[in-house]
Amino acid sequence: MIGSFPQFVTQEVCLACNGCCRFSGPNSCWRPKVLKRENFPEFKGHLTDDNYIKTLKYKDAVKCSFFYEIENKCKVYPIRPFECHLYPFLLEKKGDNILLGVHLACPYVQDHRGDKEFDKYVDYLKDFFLGGEAKELLGDYTKIANDYSKHEKEIEDLYIFG
Ligand code: SF4
């Protein structure tokens with residue numbers, strides 16, 4: 001994991017939810033993408049040519065190949081990709097800009113959006129990305145960040161990093 005910061009959604013809430021780590025199809029933009037610097041040995045054989053984590057068929061959709069559905073857990077949790085650590089917040093590409101956004105589909109976000117805890121966490125993330133190692137990370141994301149424009153109704157833009 002790159003850098004270190006607290007997770008917004010508590011572990012108990014995550015483990016009780018059935019939203020994350022499952023995607024509508026093998027080309028979904030919500031699949032996590034791995035940065036070059038995150039290319040840990042554990043990811044060998046699990047990445048597509050464009051550095052997304054591969055998916056496996058799951059019910060009528062797909063799941064991340066590291067998702068263990070019996071326990072609703074990630075098999076590589078301590079080294080999960082940065083995008084997974086950041087979720088339900090995300091870095092999105094809009095034209096030449098990188099923005100901090102939040103995925104409104106997350107039930108925890110729906111419950112906490114706009115409250116003190118949420119605003120404090122957004123401030124924390126802004127400071128995180130604008131300082132130290134994470135500033136470099138932001139530079140790397142300019143190369144790989146997703147354009148989520150097809151899902152713009154599901155995303156609230158919070159901050160433009162430029
Ligand atoms: S790497 Fe882990 S946290 Fe990320 S999508 Fe896969 S199973 Fe979920």
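Where α4 meets α5, Phe-128, Phe-129 and Leu-130 on the α4 side touch Gly-132, Ala-134, Lys-135, Leu-137 and Leu-138 on the α5 side. Sort the residues of that contact by type and you get six nonpolar, one polar and one charged. Bear in mind that this is a predicted model. The axes of α4 (residues 116–130) and α5 (residues 132–144) come within 5 Å and cross at roughly 85°, so the two helices are roughly perpendicular to each other.

Now for the core. The largest nonpolar core has 28 residues, and Phe-89, Leu-91 and Phe-129 touch the most other members. Elements giving it two or more residues are α2 (82–86), β6 (89–94), β7 (97–103), α3 (107–112), α4 and α5. Helix α4 hands over the largest share, six residues. Beyond its neighbours within four places in sequence, Leu-91 has contacts that include Leu-86, Ile-98, Phe-129, Leu-138 and Phe-161. There's also a second, separate core of 16 residues, with Trp-30, Leu-47, Phe-66 and Ile-79 among them.

On to the rings: the whole structure holds 15 aromatic pairs. Here are two of them.

| Pair | Centre distance | Plane angle | Arrangement |
|---|---|---|---|
| Phe-8 and Phe-118 | 5.8 Å | 80° | edge-to-face |
| Phe-128 and Phe-129 | 5.3 Å | 80° | edge-to-face |

Phe-8 sits in the segment before α1 (11–15) and Phe-118 in α4, so their pair ties together parts that are 110 residues apart in sequence. Phe-8 is buried at 5% relative accessible area, and Phe-118 is buried at 3%. Phe-128 and Phe-129 are buried too. Finally, Phe-8, Phe-89, Tyr-108, Phe-118, Tyr-121 and Tyr-124 make up one aromatic cluster.

How values were computed:
Residues numbered from 1 in each chain as written. Predicted model: local features only at pLDDT ≥ 70, side-chain atom pairs only at ≥ 80, totals over all residues. Heavy atoms only, no water. Axes fitted to C-alpha atoms, helices over the stretch in contact; angles between N-to-C directions. Helix = DSSP H or I, 4+ residues; strand = E, 2+ residues; numbered from the N terminus. Parallel < 35°, antiparallel > 145°, perpendicular 65-115°, else oblique. Contact = heavy atoms within 4.5 Å. Nonpolar A, V, L, I, M, F, W, Y, C, P; charged D, E, K, R; others polar. Core = buried A, V, L, I, M, F, W, Y, C linked by side-chain atoms within 4.5 Å. Buried < 20%, exposed > 50% of the residue type's maximum accessible area, 1.4 Å probe, protein only. Phe/Tyr/Trp six-rings, centres within 6.5 Å; stacked < 30°, edge-to-face > 60°.
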